[in-house]
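The entries follow in the order I made them.

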There are 2 protein chains.
Amino acid sequence: MPRFSKAVSSLRSSEIRDLMTLASRPDIISFAGGMPGNDLFPVEAVEELYRRLDIKKKQAAFQYGPTPGLPSLLESLEGFLEKKGLPVKENRLLITTGSQQALNILGKAFIDPGEPVLVENPCFIGALSAFRSYEAELRGVPVDIDGISIEGLRQEISRNEKAKFLYITPYFHNPAGVLYTAERKNQLIATLQGTNIPLIEDDAYGDLYFFEGDQERLKPIKAINPDGINVCYTGSFSKILGPGLRLGWMLVPEKIYAKCELIKQSADACSPSFTQVLADAFIRSGQIYSYVASVRQEYKKRAAAMVAALREHLPSYVQWDEPRGGFYIWLTLPKGTDATRIVTLAIAGGAVFVVGKTFDPAGEQNNALRLSYCNNTPEQIAEGIPIVAQAIRAVCG
Amino acid sequence: MPRFSKAVSSLRSSEIRDLMTLASRPDIISFAGGMPGNDLFPVEAVEELYRRLDIKKKQAAFQYGPTPGLPSLLESLEGFLEKKGLPVKENRLLITTGSQQALNILGKAFIDPGEPVLVENPCFIGALSAFRSYEAELRGVPVDIDGISIEGLRQEISRNEKAKFLYITPYFHNPAGVLYTAERKNQLIATLQGTNIPLIEDDAYGDLYFFEGDQERLKPIKAINPDGINVCYTGSFSKILGPGLRLGWMLVPEKIYAKCELIKQSADACSPSFTQVLADAFIRSGQIYSYVASVRQEYKKRAAAMVAALREHLPSYVQWDEPRGGFYIWLTLPKGTDATRIVTLAIAGGAVFVVGKTFDPAGEQNNALRLSYCNNTPEQIAEGIPIVAQAIRAVCG
């Protein structure tokens with residue numbers, strides 16, 4: 001037997017993988033995945049944009065590019081991010097192989113084995129897995145409908161003054177669906193100031209808002225640019241073009257960028273040039289704006305279908321909130337409920353979702369579950385939700 | 001100032017980056033890069049293959065894929081590797097984001113900080129950087145024209161019985177250009193048997209042979225399938241399709257695969273689906289075979305042009321061997337020579353290459369340099385080599 005590293009033993013075999021296998025079965029309605037609908041991708045638009053590129057650009061798509069990203073994409077993406085008010089000139093932009101890689105690189109830049117890292121509870125599973133792979137001690141802070149608990153955050157900071165960073169997903173949280181309020185963001189900023197704890201702000205879903213009136217809540221903390229906090233802002237093309245391109249980014253202070261570029265170099269040399277050329281053309285054509293506007297409407301429609309079905313079928317003891325954007329609705333079940341029993345019944349009935357403990361930094365709390373509406377038609381939603389509701393009643397009464 | 005991890009301090013700012021900036025200047029002839037010529041990519045063939053795919057495949061190109069790789073590419077790539085005699089059925093194949101990621105993942109699977117790892121001296125810089133990023137203690141073993149020094153390897157093994165693995169590039173070594181002899185491979189196998197030291201066999205260049213008669217020397221150790229050695233075989237689409245696709249692979253025993261799949265999941269979730277769809281179509285069309293045959297001839301022509309120019313212009317005290325394939329010629333200069341002085345003069349004259357110490361695991365030995373002929377026409381080579389030769393004479397006399 002080969003002698004493996006200690007770090008590798010901190011990685012858990014993912015239950016998600018088995019769920020995804022189920023999710024791909026045609027006889028099962030899947031509310032499990034966090035992937036955009038296949039029918040929504042701008043396949044023809046991107047093919048036409050590529051066709052029209054000159055031969056030099058097409059050749060560059062086959063070639064290595066600079067580690068930080070193709071200069072043309074860095075420029076067009078800066079324009080895209082500047083429209084959100086992000087301080088692109090005072091920070092450095094690094095193109096990554098999906099925002100999963102951005103989180104992994106930041107994990108490597110900051111975490112030594114056994115060091116504490118603050119995360120939300122529940123928390124995005126890709127972040128948990130990236131930070132676990134560097135043997136972080138994960139400290140979960142509860143999230144409510146307005147955002148991370150400030151009281152909980154203060155407690156964890158006082159217990160872990162040397163926490164390496166705080167990781168949050170304030171804009172249509174995965175899995176909790178929450179959109180932080182402006183007030184909660186300000187309290188968060190005040191709490192972090194003076195602590196020397198950097199903030200990783202993951203904004204993978206912010207473009208998928210359902211209400212124009214939410215603009216202030218959607219303003220990134222990175223765009224507020226608070227004094228004395230190192231904000232590492234991450235984003236992704238996965239939800240606004242396609243995850244199969246494997247393109248994300250981080251916008252970070254220069255001193256953090258310098259470390260991350262070296263880590264990226266040793267990780268995969270550079271992000272795929274081919275898909276960077278496609279993403280660059282998509283931004284420069286302006287089609288990214290009309291495309292995002294159209295998928296926003298589509299996801300809003302799917303969310304409404306799920307809200308209607310949940311209202312009709314769920315027992316009243318299940319707590320949940322209407323989504324204001326993104327992909328997810330988070331159901332909280334009575335204390336002590338084991339969502340694994342519910343998903344087993346639901347699968348037998350023909351529907352699947354992800355259970356709560358998957359998103360718990362401690363891997364325990366299981367009286368919740370995540371429903372995704374992103375990859376289903378309103379008809380599939382209307383058919384699948386009663387199956388979920390029935391399974392809940394069977395377990396919880 | 002944020003508190004970075006210890007691991008990140010083991011990464012060195014790469015001199016390669018500055019060289020590459022120079023290498024992209026139109027007034028400088030670059031023998032520095034290890035990239036294929038832009039003029040050689042199968043741009044039109046790949047565009048036509050993509051155009052003909054059905055809409056389901058095109059949608060899948062935009063979507064997340066399974067972490068190990070798209071099933072269709074795993075199948076077609078297995079066919080491609082089986083033709084080399086590789087034991088694809090008794091091992092597991094993992095598609096990676098370039099073979100750089102394969103090396104990084106293997107580094108993470110095996111290395112704890114301070115542990116010894118055996119590498120060739122000189123060694124591929126991407127491997128050095130991946131292994132350094134896990135704080136390995138690198139032990140270099142000299143390479144001669146027939147391959148790694150067996151005496152040197154025995155010494156290092158006796159000094160480092162718990163070495164985590166041996167990493168080699170036996171087929172047109174980067175940077176040394178060496179093709180291992182069959183005898184040397186057998187001696188290597190015999191030396192490793194009974195040690196519990198896995199072998200990482202990097203075969204990024206093996207398809208680019210110049211002589212049909214070299215088939216036995218080109219047979220991977222993984223294909224020989226020696227008893228009692230865990231062989232991790234890595235390869236890449238970079239030299240047989242295009243590095244901008246960022247696709248490589250590892251073929252490894254099941255127990256190693258299981259760890260690597262988890263690491264890959266946390267690193268970037270999956271390799272780019274878009275370029276996997278392209279690579280799959282390229283293999284299935286059979287065009288990969290005719291394409292590789294044609295670039296092989298082109299690189300052979302470029303190598304011949306460099307060999308002719310070196311014969312004409314180099315002083316006799318410079319040692320080098322004619323390449324039998326791949327991208328590189330390695331010049332060994334008199335002991336004590338500082339190749340950095342030579343490259344400074346060469347750049348002033350209008351040519352650039354990479355100095356020896358870049359490839360030394362200890363970062364010191366500098367009486368050598370690497371010339372790449374892959375990205376130059378015979379005319380550029382005829383113009384650039386006299387500049388290199390003149391710089392050598394100016395420093396060494």
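**Entry 1: chain A overall**

I began with the secondary structure of chain A, which comes to 15 helices and 13 strands. I note here that this is a predicted model. Next I checked the extent of chain A. Its C-alpha atoms fill a box of roughly 60 × 55 × 50 Å along the principal axes. Then I looked up the radius of gyration. A compact globule with 397 residues would be near 21 Å, and chain A has 21 Å, so the two agree.

**Entry 2: how the copies relate**

Do the copies use the same or different surfaces? I compared the interface residues: 100% of those in chain B are also interface residues in chain A, so the copies meet through the same surface.

**Entry 3: α13 against α15 in chain A**

I turned to helix packing. In chain A, helix α13 (residues 287-313) and helix α15 (residues 378-396) have axes that come within 9 Å and cross at roughly 30 degrees. That angle makes α13(A) roughly parallel to α15(A), because angles under 35 degrees count as such. The crossing of α13(A) and α15(A) is right-handed.

I listed the residues that meet. From α13(A) they are Lys301(A), Arg302(A), Ala305(A), Met306(A), Ala309(A), Leu310(A) and His313(A). From α15(A) they are Pro378(A), Ile381(A), Ala382(A), Ile385(A), Pro386(A) and Ala389(A). By class, this contact has 10 nonpolar, 1 polar and 2 charged residues.

**Entry 4: α14 against α15 in chain B**

I took another helix pair from chain B. Helix α14 (residues 339-349) of chain B packs on helix α15 (residues 378-396) of chain B at about 135 degrees, with the axes 8 Å apart. That makes α14(B) oblique to α15(B). I logged the crossing of α14(B) and α15(B) as right-handed.

On α14(B), the residues in the contact are Arg341(B), Ile342(B), Leu345(B), Ala346(B) and Gly349(B). They meet Ile387(B), Val388(B), Gln390(B), Ala391(B), Ile392(B), Ala394(B) and Val395(B) of α15(B). The class count for this contact is 9 nonpolar, 2 polar and 1 charged residues.

**Entry 5: backbone details**

Asn174(A) and Pro175(A) are joined by a cis peptide bond, with omega about 15 degrees. I placed Pro175(A) in the loop between β6 (166-168) and α8 (182-192) of chain A.

In chain B, a cis peptide bond joins Asn121(B) and Pro122(B), and omega is about 5 degrees. Pro122(B) sits in the loop between β3 (116-121) and α6 of chain B.

Where does Asn196(A) lie? I found Asn196(A) in the loop between α8 and β7 (199-202) of chain A. Its phi is near 60 degrees, a positive value in a residue other than glycine.

Note on methods
Residues numbered from 1 in each chain as written. Chains lettered and ligands numbered in written order. Predicted model: local features only at pLDDT ≥ 70, side-chain atom pairs only at ≥ 80, totals over all residues. Contact = placed C-beta atoms within 7 Å. Axes fitted to C-alpha atoms, helices over the stretch in contact; angles between N-to-C directions. Helix = DSSP H or I, 4+ residues; strand = E, 2+ residues; numbered from the N terminus. Parallel < 35°, antiparallel > 145°, perpendicular 65-115°, else oblique. Left-handed = near helix turned anticlockwise from the far one by under 90°. Nonpolar A, V, L, I, M, F, W, Y, C, P; charged D, E, K, R; others polar. Rg over C-alpha atoms; globule rule 2.2 N^0.38 Å.
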